[in-house]
Amino acid sequence: MQLDDHYFMRKALVEAEAAFAMDEVPVGAVVVINQQIIARAHNLTERLKDVTAHAEMQAITSAANFLGGKYLKGCTLYVTLEPCVMCMGALYWSQLDRIVFGAFDEKRGYQSKGLQPHPKTLVTGGVMEAETRDLLQAFFQKKR
């Protein structure tokens, strides 16, 4: 089995599906270092009644606890939706090597606001875009 971007995005999608089952906006994330998942998270904003409880924020905290420090150098974040402004700010400070996301968020994503990642962070968008977008669309269709 090849541990590539699709493999890890599927793991993030499992987290997004868990959020969907909890009636949370279905965004999931995993943090990887040396081909090992060190953090798994999904949106918990409704359950925690906390607007900052996005999947990325939960994953950053979990990975930092695992590593015993605030910087996530050498790590890659896989997240099913393009990070928002708040999350990109936190991701900037965490100094990840890479961010890989699934669906683009043209209304609330960091790119729509003109933000840039940390200069040493590489970003790849659109990995498994159809699958991640379909889950989000199914969630919002259910809400209507």
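A pocket is defined on a 1 Å grid over the protein atoms alone as an open set of points where a 1.4 Å probe fits, with protein on both sides within 12 Å along at least five of seven lines. Grid points are joined across faces, edges and corners, and a volume is the space filled by probe spheres set on the points. In this predicted model, the largest pocket holds about 760 Å³ of space.

The model is predicted, so local features need pLDDT of at least 70 and side-chain atom pairs count only at pLDDT 80 or more, while totals for chains, interfaces and linings use all residues. Residues are numbered from 1 along each chain as its sequence is written, and side-chain values use heavy atoms, with hydrogens and water left out.

**Largest pocket**
- Lining residues, which have an atom within 4 Å of a point, number 22 in the largest pocket, and the closest to its centre are Leu81, Asp105, Arg108, Leu136 and Phe140.
- Helix 5 (residues 129–143) gives the most to this lining, with five residues; helices (H or I, at least four residues) and strands (E, at least two) are DSSP runs, numbered from the N terminus.

**Nonpolar cores**
- A nonpolar core is a set of buried Ala, Val, Leu, Ile, Met, Phe, Trp, Tyr and Cys residues joined through side-chain atoms within 4.5 Å; buried means under 20% relative accessible area, exposed over 50%, and partly exposed in between (1.4 Å probe, protein chains only).
- The largest core has 25 residues, of which Val31, Leu72, Cys75, Leu77, Leu91 and Leu96 touch the most other members.
- Two or more residues each come from strand 1 (28–33), strand 2 (36–42), helix 3 (55–67), strand 3 (75–81), helix 4 (85–94) and strand 4 (98–103).
- Helix 3 gives the most to this core, with five residues.
- A second, separate core of 14 residues includes Phe8, Met9, Val30 and Val32.

**Contacts of Val31 and Thr76**
- With neighbours within four places in sequence left aside, Val31 is in contact (heavy atoms within 4.5 Å) with residues including Ile37, Ala59, Cys75 and Thr76.
- Thr76 lies in strand 3 and is buried, at a relative accessible area of 11%.
- Beyond four places in sequence, Thr76 touches Val30, Val31, Val32, Leu96, Arg98 and Val100.

**Aromatic rings and charges**
- The whole structure contains six aromatic pairs; rings of Phe, Tyr and Trp (its six-membered ring) pair if their centres lie within 6.5 Å, and planes under 30 degrees apart count as stacked, over 60 as edge-to-face and the rest as tilted.
- Tyr92 and Trp93 form an edge-to-face pair, because their ring centres are 5.5 Å apart and their planes stand at 75°.
- Tyr92 is partly exposed at 31% relative accessible area, whereas Trp93 is exposed at 62%.
- Ring pairs join Tyr7, Phe8 and Tyr78 in a cluster.
- The charged end of Lys142 sits over the ring of Phe20, 4.5 Å from its centre; this term requires NZ of Lys or CZ of Arg within 6 Å of the ring centre and within 35 degrees of the ring normal.
- The charged end of Lys73 sits over the ring of Tyr71, 5.5 Å from its centre.

**Loop residues**
- His118, in the loop between strand 4 and strand 5 (122–124), is buried at 15% relative accessibility and touches Tyr92 and Gln95, not counting residues up to four places away in sequence.
- Asn34, in the loop between strand 1 and strand 2, has a positive phi near 50° and is exposed at 71% relative accessibility.
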